[in-house]
Structure formats: structure tokens, C-alpha cells
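Have the structure open as you read.

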Amino acid sequence: MKMLINVPETVVADALRGMAAAHPELTVDVENRVIVRRDAPVDGKVALISGGGSGHEPLHGGFVGPGMLSAACPGEVFTSPVPDQMVRAAAAVDSGAGVLFIVKNYTGDVLNFDMAAELAEDEGIQVAKVLVNDDVAVTDSLYTAGRRGTGATLFVEKIAGAAAEEGQPLERVEAIARQVNENARSFGVALSACTTPAKGSPTFDLPPGELELGVGIHGEPGRERRPMMTSREIADFSVHAILEDMSPRNPVLVLVNGMGATPLLELYGFNAEVQRVLAERGVAVARTLVGNYVTSLDMAGASVTLCQVDEELLRLWDAPVKTAGLRWGV
Amino acid sequence: MLDADFFRRWMTATAAFVEREAERLTALDSPIGDADHGSNLLRGFRAVAATLEKEAPDTPGAVLTLAGRTLISTVGGASGPLYGTLLRRTGKALGDAGEVSEEQFAGALRAGVDAVMTLGGAASGDKTMIDTLVPAVDALDAGFGAARTAAEQGALATTPLQARKGRASYLGERSIGHQDPGATSASLLIAALVEAAGE
């Protein structure tokens, strides 16, 4: 499998060096794997920190900047970052107003962020944590690791980020982040598996003519495999899966998210179908975002995230943001 | 009696086994995971071997707590905290004695396994490293060879199980029929005890 890399061992470090060169508004510590907004710590403001395995770019490093994250901690590809990274990040961004960890619900992420929170608190930093677990494909029961954190992570980071940027206190920022997570649901499909640099071949075998329904973002197979469907059919299936789990009373933010290898041409066409289904189901749409935001290396496919918003959450969504991956109002 | 040297040999033997089996671990982690188990553990245990060489701790407890901390700082994922806690907790239970008996080691490793079960929330039958470690610790009284056999059988026995923890659990029934990568790497750790005691 051809990849635009040197060797697998240096993929993450190489990417961080490239990010540093492209984005002077970021402080990138390549050796210690922490990306920080250059103006941190920002006096009196709660600092948002997130992180996770590399391979989901722009998540999370591409969302560091005013209006969103204060710092991001990239792990090895598809591997949770280690506590040392988050502790270092917290020390770099805490202004005394405290830090909010935004943690995607994966065993590794939870364990490492929990350890980091304890260590940071030992150093006198106030740490709150919010879990993102929006994926409806995994039944949330006693018998699994719980629902995965996927597309809704973008909504949590942006909306809570706006609250932090306007000086809201830690308890409020945490509550808002939690509310966004509870209001959001996602469902993803894969048309192809992805290839990690270390493995060098697709993470699972998806035959031509078939697709995976209910995939996550780490190259693992989904819940079921079916014969290939049209964009219309996939939109019907995905939105149905979400609405089975959540009946929006409010308008929704819509994220039509590419997994990395699906062209924008296809994503926009898919969005047309998603909007059609929502209209048919009487769900009002407040705002829509289409593009590659929470990716899975070179997986072909897409996910849909719906997030119910009230006036306040919508105001925070619309608030200015200035990051490599999301920029408006500036 | 087991001294610091024995425990250093245990860690370097584990590193050697992980190196040899890294591709296989990654292959096991593909159908029911995200294909990074082999490379993550390889990075971690290489770092452990290097750190132990450099710091040369002189008690069994110190060797294992340093190894555990090193894994936590280098592996990432769920494996880092879980294996790191296993070794740290075992090391703590060995105190600062210059050498320990096999009986003491068995008791300490049991404490380590209990700590992993508490941290990760897994029980026997969930298709995890616990399905290797619990039988191995139970068999330790009969010697390292018995523990190794029990560990290998434990890992094999994960194949028909449906995963209830970790990334494999997202797959539901599709996790059945695949040997668990974490259980497999745990059997390498246990097998390394024989290697360390061997010659």
C-alpha cells in the first residue's frame, strides 16, 4: 500500500513538524507531543484540552486556537495519548481558571485521561472531564465498552470552546459540554477499510460490492456488513438509526463528515440525501457542516451527526473560531 | 529466590517475545481491533529494556515499578495503563526486599492482576488479558512452566468468546472466532518467566 510517508515510526513526529511550520499561531512540542495555542495561558479563561490517537485529523490538533481547544495531545496512530502529554498540556494552558478534558469514550482514552487528571490535580490544577459517547451503532449496555466518541466531539469542542472563550467558569463550560454530548447522536458507514502505516495493509477486508454499517473511526469493522447501497439508501439508514435513538424537539446542527477518502463531491451529494430525510421526518435543520473533520486515515465512508440546539447553544456554535480546521467570524 | 536480575531478565525476555510476535499481535488486532497492539507493546517493552539498562534498579520491586511507569508513559491506548498498572502494583507488593521467594512473587502478581481487574473492569470471560492472567496466577504455585501452559491455554480459550470490553466489544458477535490480542500478549509475558528462570 503506497503512503506519503518516510517510515511508519516517524509518521506522527513528521506530521507535527509540518503542522508547526504551517501554523505559526500554534506552539507544537514535537518531542513531547503537545500542540498548544500560542497565546496560552489566557488569563481568566477555562482551557479546553482534548486528544486521542493520530489519524483523525483535523481532530484534535486542527481545532487548537481561539474559540475552541487550548491544547491537543496526539498519540500514536489510533492509540490513546499517554498521561504525560495531558499533564504537560494542562500545565501549559491553565491560567488558574481550570481545565476541561474532553474525552472520547474509548477504554484507552478514558484510562489515560483519568490518570492525567489525577496527576494534574496533584499539581494544583483544577480539572473537569466530559465524556463524548455519541455513536448509536454500539448498544450501550453492560456488555460492551460503551458508545464510542465520534462526530459529536467536534460539536462539544466548538460549543464548549466558545463558552470558555467568553469567560464562562469551569462548571458552566463543563455543563455545556455535557449538554452538547447528550444532545448529539452519530452513525457512520465505511465503503473501504483504512490502512495504518504500521500495518501497511487494510485493517479489515471489505469486498467490492459491500459496505460496513455502524463503523467507528479506528479502522475496526462495524456492526454489520451489507451489499452496497446508494447514497439515498445510506442516508435513509443512517438518519433512521439516529432518530431511533433521539427524537429532536429542537432544530439540529448537522455534520456530514468524511472518513478521509471520500471526495467532497460525494459528501455534498450525501448531504442532499441527509437533508431530504430530515425534511421528510420533520426535523428542522439549524446549521450544516460538510467535510472531513473526524477522519479515519484513508477510510472511504461518511458519518452523520445530529446535535439538538437551543438558542444559547446555537449562539455558541456561531461564535467566532480561529483554528486550522474550523474558522469563521474572524 | 528471585532477585532484581531475574526480574530484569523477565522484562527483557518479554521484550524479545513481543519483538518476535509483534506482527502476529497486530494481525490478531486487525479483525477485532485497530491493528496497533503489536507496535504499541513493542515500543513500550523496548523502552522498558532500555530504561532498566540505564537506571539498573537493584530490587525486584524497583524493577517492576519502573517498568510499569515506563509502559504507562510510552504505550498509550488501554494496554499502557493496564500493563503499567499490572507491573507497578506487583512491584509495590514486592516492597524493597533485595530478593523474594516464588511464593511472594505469586502473591504480588495476584495483587497486580486484581488491580488490573479493578482498573479495567474486566472479569474472566470478557475476552481480555484477564483470561490469560487469572489462570496463570492460579497455576503459579506449580511453577513457571505450569503458569506458562495455563497462560497459553487461557489465550487460546478466548477465541470462542464474545468480547465485552475494549475495542473488540464494538463488534458484538463478530468478535467470536478470533483470539484476543491482549490475552495473547499476556501469555507472552507469562512465558517470559520461564525464559528468565531457564538457563
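Predicted model: local features only at pLDDT ≥ 70, side-chain atom pairs only at ≥ 80, totals over all residues.

## A strand pair, residue by residue

Strands β10(A) and β12(A) (residues 301-308) pair in the antiparallel sense, over seven bridges. Strands here are DSSP E runs of at least two residues and helices are H or I runs of at least four, numbered from the N terminus; two strands pair if DSSP finds at least two bridges between them.

A bit of housekeeping: residues count from 1 along each chain as its sequence is written, while chains are lettered from A and ligands numbered from 1 in the order in which they are written. Local features need pLDDT of at least 70 and side-chain atom pairs count only at pLDDT 80 or more, whereas totals for chains, interfaces and linings use all residues.

## The other partner of β10(A)

Strand β10(A) is also joined to β11(A) (residues 285-291), this time parallel and through six bridges. Look for V254(A), which stands opposite T288(A) in β11(A). Between β10(A) and β11(A) the chain passes through helix α7(A) (residues 264-280), and this β-α-β crossover is right-handed (with the strands pointing away from the viewer, the path from the first strand over the helix to the second runs clockwise).

Why is β10(A) (residues 252-258) largely enclosed by the rest of the structure? Seven of its seven residues are buried, so the strand is largely enclosed. Buried means 20 or more other C-beta atoms within 10 Å of a residue's own, exposed means 12 or fewer, and partly exposed is in between, with C-beta atoms placed from the backbone. Both faces are covered: V252(A), V254(A), V256(A) and G258(A) are buried on one side, and L253(A), L255(A) and N257(A) on the other.

## Two domains in chain A

Chain A is split into domain 1 (8-183) and domain 2 (184-308), with bounds from an automatic or database domain assignment. Their C-alpha centres lie 23 Å apart. The contact takes 24 residues from domain 1 and 30 residues from domain 2 (contact means C-beta atoms, placed from the backbone, within 7 Å). On the domain 1 side, α4(A) gives the most, with four residues.

## The nonpolar core

The largest nonpolar core has 172 residues, and I49(A), A71(A), I159(A) and A160(A) touch the most other members. Such a core is a set of buried Ala, Val, Leu, Ile, Met, Phe, Trp, Tyr and Cys residues joined through C-beta atoms within 7 Å. Helix α1 (residues 4-28) of chain B gives the most to this core, with ten residues.

Methods
Contact = placed C-beta atoms within 7 Å.
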